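I opened the notebook to look up a few things in this structure. My entries follow, topic by topic.

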Amino acid sequence: MASGYINYDLIIAAARDAIRPKLIVTMALVLTGSVMIAGLCNLGGHQPLPLQIAGLLLNMLWLLFGLTALAHQVHAIMQHEHVPTMRVALRFARQRLRAIVMLPVWVAGAFLLLTVAELLLLWLARLPGPGLVWLAVITVPLVLLNTVVVLAMLLVLFNLAARVAISDDCAGDVPLKLWQLLQQRLPEMLIYNLGGVLVTAIVVLLIFSPIWLGGQMTLELIGVAAPEQLHQVLHPAGFWSGMAYMVGLMLCGLLVAAIAGIPCIVITHVTVALHRALDAMLAAEAKRQVADDPAEKEERHA
């Protein structure tokens with residue numbers, strides 16, 4: 001893969017492999033579980049901020065776990081091996097659980113520090129008079145900053161999953177390999193990872209906009225025909241309302257998986273290919289250094 005150029009053959013191969021049923025089933029489980037975790041940790045939209053932050057971190061961990069399983073399946077395809085089933089792929093990710101949990105700890109710590117800093121900045125808005133002006137000034141920069149943070153977290157998720165999936169059982173070299181990838185393959189990472197995420201977001205937005213309008217119309221009709229039942233579903237407090245809320249989350253997750261599943265598989269495929277290319281490049285450099293080492297030459301000559 002030449003740095004700075006788009007490899008269309010890779011994209012075509014990724015799109016072809018993205019329609020494999022085993023990969024689609026794994027991605028559907030990952031996205032459905034993500035939607036359900038998000039819904040449960042923000043139940044009714046009235047949960048305290050610490051619980052919402054904990055839910056976000058738990059969601060990231062689940063996505064990393066599921067993407068690692070998916071990356072394992074993609075890696076098997078690239079090695080021309082039998083594609084593992086979803087159960088086998090999840091078992092592989094569970095075996096790498098320690099690496100999956102420990103590697104993003106620093107990311108979670110940085111995210112928590114950033115959240116505290118933003119809360120302190122927003123606390124200044126409580127000041128009488130100038131606080132309102134400060135709130136108006138700081139809102140747009142915070143929106144842009146948080147957008148960059150979200151994109152960076154997505155980039156970290158896809159690349160951590162790919163690196164853990166193709167690494168040996170000992171994942172101690174994962175941070176070093178990721179740093180080398182950032183240094184040597186950053187343009188391709190931005191083109192394929194963030195570009196793919198943005199394209200996926202645009203596609204989802206275009207498809208979800210009519211769905212959102214249809215959903216608003218449906219909610220209005222339900223609000224007229226069964227307002228009490230709608231409130232019970234949106235704010236579950238009992239067995240049946242909780243069951244209905246869970247079913248709704250599951251169906252929403254399947255809808256998200258149907259729209260965003262294949263693009264996410266393509267992004268994972270390309271990310272695994274980038275990491276494989278990095279390993280091949282590092283191996284070639286190591287061989288070249290050994291070949292150019294005078295001591296090694298004398299030893300071979302002797």
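**Aromatic pairs**

I began with the rule: rings of Phe, Tyr and Trp (its six-membered ring) pair if their centres lie within 6.5 Å, and planes under 30 degrees apart count as stacked, over 60 as edge-to-face and the rest as tilted. I found 2 aromatic pairs in the structure. Phe239 and Trp240 form an edge-to-face pair, with 5.0 Å between centres and 80 degrees between planes. I then looked up their exposure, where buried means under 20% relative accessible area, exposed over 50%, and partly exposed in between (1.4 Å probe, protein chains only). Phe239 and Trp240 are both exposed.

**Ground rules**

I noted that this is a predicted model, where local features need pLDDT of at least 70, side-chain atom pairs count only at pLDDT 80 or more, and totals for chains, interfaces and linings use all residues. Residues are numbered from 1 along each chain as its sequence is written, and side-chain values use heavy atoms, with hydrogens and water left out.

**The chain as a whole**

How many helices and strands does the chain have? I counted 11 helices and 0 strands; helices (H or I, at least four residues) and strands (E, at least two) are DSSP runs, numbered from the N terminus. The pattern along the sequence reads α-α-α-α-α-α-α-α-α-α-α. Of the 302 residues, 37% count as buried.

I checked contacts next, meaning heavy atoms within 4.5 Å. Among contacts with a separation of 6 or more, 79% are between residues 24 or more positions apart. The chain exposes about 17,600 Å², and carbon and sulfur atoms supply 73% of that. These areas come from the Shrake-Rupley method with a 1.4 Å probe; for residues, only the protein chains shown count as cover.

**The nonpolar core**

I used this rule: a nonpolar core is a set of buried Ala, Val, Leu, Ile, Met, Phe, Trp, Tyr and Cys residues joined through side-chain atoms within 4.5 Å. The largest one has 55 residues, and Leu23, Met27, Leu67 and Val272 touch the most other members. Helices H1 (8-17), H2 (21-41), H3, H4 (86-95), H7 (130-166), H8 (174-225) and H10 (239-292) each supply at least two residues of this core.

I followed Val272 further. Leaving out residues up to four places away in sequence, Val272 touches Ala71, Val74, His75, Met78, Ala162 and Ile166.

Gln73 sits in helix H3 (residues 49-78). Is Gln73 buried or exposed? Gln73 counts as buried because its relative accessible area is 0%. I looked for polar contacts: pairs of N or O atoms within 3.5 Å, where within protein one must be able to donate a hydrogen and the other to accept it, and residues adjacent in sequence count only if both atoms are side-chain atoms. The side chains of Gln73 and Thr26 make one at 3.0 Å. Beyond four places in sequence, the contacts of Gln73 include Lys22, Leu23, Val83 and Pro84.

His75 is also in H3. His75 is buried, at 11% relative accessibility. Which side chain does His75 join in a polar contact? I found Arg276, at 3.2 Å.

Leu31 lies in helix H2 and is buried at 11%.

Leu194 is in helix H8 and is buried at 18%. Leu194 and Ile267 are 73 residues apart in sequence and 9.0 Å apart, C-alpha to C-alpha. Beyond four places in sequence, Leu194 contacts Leu151, Leu155 and Met189.

**Cysteines**

I searched for disulfides, each a pair of cysteine sulfur atoms within 2.5 Å. The count is 0. Cys252 is partly exposed, at 43% relative accessible area, and Cys264 is buried, at 12%.

**A positive phi**

Most residues other than glycine have a negative phi. I noted His80, where phi is positive, near 60 degrees. His80 lies in the loop between H3 and H4. His80 is exposed, with 75% relative accessible area.
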